[in-house]
Amino acid sequence: MTAAAPLGRRRSLPAWALGLAGLAALMAVVEIAPRAGLVNERFLPPFSRMISSLADQAGTSGFWGALLETLRGWALGLAIAMAAGVALGLVIGAVPLLRSATAGAIEFLRPIPSVALIPLAVLLYGTQMRATLLLVVYASFWQVLVQVLYGVRDVDPVARETARSYRFRPLTRVRTVLWPTALPYVMTGFRLGAAVALILEITGELVIGSPGLGRQIAVAQTSGAVAAMYALVIVVGVMGVAVNTAARATERRVLRWHPSVRGEVPA
Amino acid sequence: MLWRVVLPLVLPVVLVAAWWAATADSTDFFWPPLSDILGTFPDTWFSGRFTADVLPSLVRLGAGYLLALVLGVGLGVAIGSSRPLRALLEPVLEFFRAIPAPVLVPILMLFAGIGNGMKVLVIISGCLWPVLLNTVEGVRGLDEVLRDTARCYRMRRGSRLVHLVLRGASPQIAAGARQALSIGIILMVISEMFAASNGVGFTIIQFQRSFSIPQMWSGIILLGLIGIALSAAFQAVESWALRWYTGLRRSQREGQR
């Protein structure tokens, strides 16, 4: 794939232009298919109608309130899960006995699905925001904890022995040996946890009915406002993309000293 | 050896024992004693409900999951092998992956009603993206030397697909399939909570609405057990299918030292 191939081919478009073309094609299909009668308009309204419904909703305070509720629940849940996951992970990592006892046990407990807790959350908190928060924290906690545990297992034995030889105090050891090793894993956990937290936040709002965009979707569905429902789903999807992008950017920023990130910069 | 088998079970056993002890003489309506919950478990699930509710759920999950695997791997190989196609579709796929799958339940209900078809569709539409995107990544990351070697030997399309592309991408595909499995379980439950006349999720919500608290707890435990059993089954299949890969990794790692 060196010199020979590009000569014969015409110059190809850059990747981002193709990507935009792909998005445009998707919009066009969603616009044309219902208008041409390929799908029932009651099931899939044309794209322009979704957008105009979105514009209508953007003028109401209910929409922005729901958006804020969703963001708040997501951020709060993720913060609690991060704090608990990192703290517990470091404690487990620092105590060898705990480490060997939890190594397999967590793989065993993790597959318990988060949605199993929905009925419990409803009973305990009704349709308050806390019901959804419980799900968000539970689901993203595992993502963070598992990554932190991988991280503390990865500590270089030489560094560990060196720290011990110099009689570092436990806190110093955590700060200078354990934390820098675990940080890339913590950030991976953060990225995975951020995505999972958003999924559970929306799911909780949708199923439980706690305030937020998910409930707006459920309301739109039961009132037959199909275009509004699609508009909200688009908003949620864009939010998901934004969360993924922001988490990736945070990861790169926090780890800019780390070889794995430094190595990606083209020299 | 025995210790290695026993040790992972210590923590779950301790947790269960703690739960048992903490609720032993609990009179709290929401937190019944664990012994009550386990007492209702066989009556609740093994007297007819197993075939009426649990099996339909699992069949829907199995059908949706397997279809998503086939679709995801097929489309993933096609997209991963073509650079322009990949560039064209990447943002679209990222968008679809970012939509939380349960949101699709109300949309798919419009198209497919509330029958089995809808639930299988929901599971497919949630499980597809991790498999698809990981397959694309796996196919893209194939060893260039292997690819060129296959071309030099003029391997046929079919055998190149089986021996080079699918095999080379299989560790990535397995990673996607594992993610998809846990999403699939979530969607199985969510789709039944929305609208259903049978299924585990439906039954648990019925218990919750009628305040049959020990039964509800037994349902939560059942879902946990289903999750654990499916992930154990997945791991068994994965370690069998990827035994060449784990062996390769191990020998590479030992070679470095």
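Author: Let's start with B:Phe211, which counts as exposed because it has 11 C-beta neighbours inside 10 Å. The rule is that a residue is buried if 20 or more other C-beta atoms lie within 10 Å of its own, exposed if 12 or fewer, and partly exposed in between, with C-beta atoms placed from the backbone. B:Phe211 sits in the loop between α9 and α10 of chain B. Helices here are DSSP runs (H or I, at least four residues; strands are E, at least two), numbered from the N terminus. Although B:Phe211 is not a glycine, its phi is positive, at about 55°.

Before we go on, please keep in mind that this is a predicted model: local features need pLDDT of at least 70, side-chain atom pairs count only at pLDDT 80 or more, and totals for chains, interfaces and linings use all residues. Residues are numbered from 1 along each chain as its sequence is written, and chains are lettered from A and ligands numbered from 1 in the order in which they are written.

A:Arg167 in chain A also has a positive phi of about 55° without being a glycine. A:Arg167 lies in the loop between α8 (157–165) and α9 (170–208) of chain A. With 8 C-beta neighbours inside 10 Å, A:Arg167 is exposed. Back in chain B, B:Arg154 has a positive phi near 50° and follows α7(B).

Now look at B:Thr40, in helix α2 (residues 34–46) of chain B. B:Thr40 is partly exposed, because 17 other C-beta atoms lie within 10 Å. Leaving aside residues up to four places away in sequence, B:Thr40 touches B:Pro214, B:Gln215 and B:Ser218; two residues are in contact if their C-beta atoms, placed from the backbone, lie within 7 Å.

Next, the two chains together. In chain B, 40 residues are in contact with 47 residues of chain A. On the chain B side, α1 (2–22), α4 (83–98), α5 (104–112), α8 (157–194), α9 (200–209) and α10 (213–241) each supply at least two residues. The largest share, 10 residues, comes from α4(B). By class, that side has 33 nonpolar, 5 polar and 2 charged residues, where Ala, Val, Leu, Ile, Met, Phe, Trp, Tyr, Cys and Pro count as nonpolar, Asp, Glu, Lys and Arg as charged, and the others, Gly among them, as polar.

Within chain B, α5(B) packs against helix α6 (residues 116–140) at an angle of about 135°, with their axes 9 Å apart. Axes are lines fitted to C-alpha atoms, for helices over the stretch in contact, and angles run from 0 to 180 degrees between N-to-C directions. The two helices are therefore oblique to each other: angles under 35 degrees count as roughly parallel, over 145 as roughly antiparallel, 65 to 115 as roughly perpendicular and the rest as oblique. Among the residues that meet are B:Leu108 and B:Met109 in α5(B), and B:Leu121 and B:Val122 in α6(B). This contact has 8 nonpolar, 3 polar and no charged residues.

Finally, a word on confidence. Chain A averages a pLDDT of 85, and 92% of the residues score at least 70; pLDDT is the predictor's confidence in each residue, from 0 to 100.
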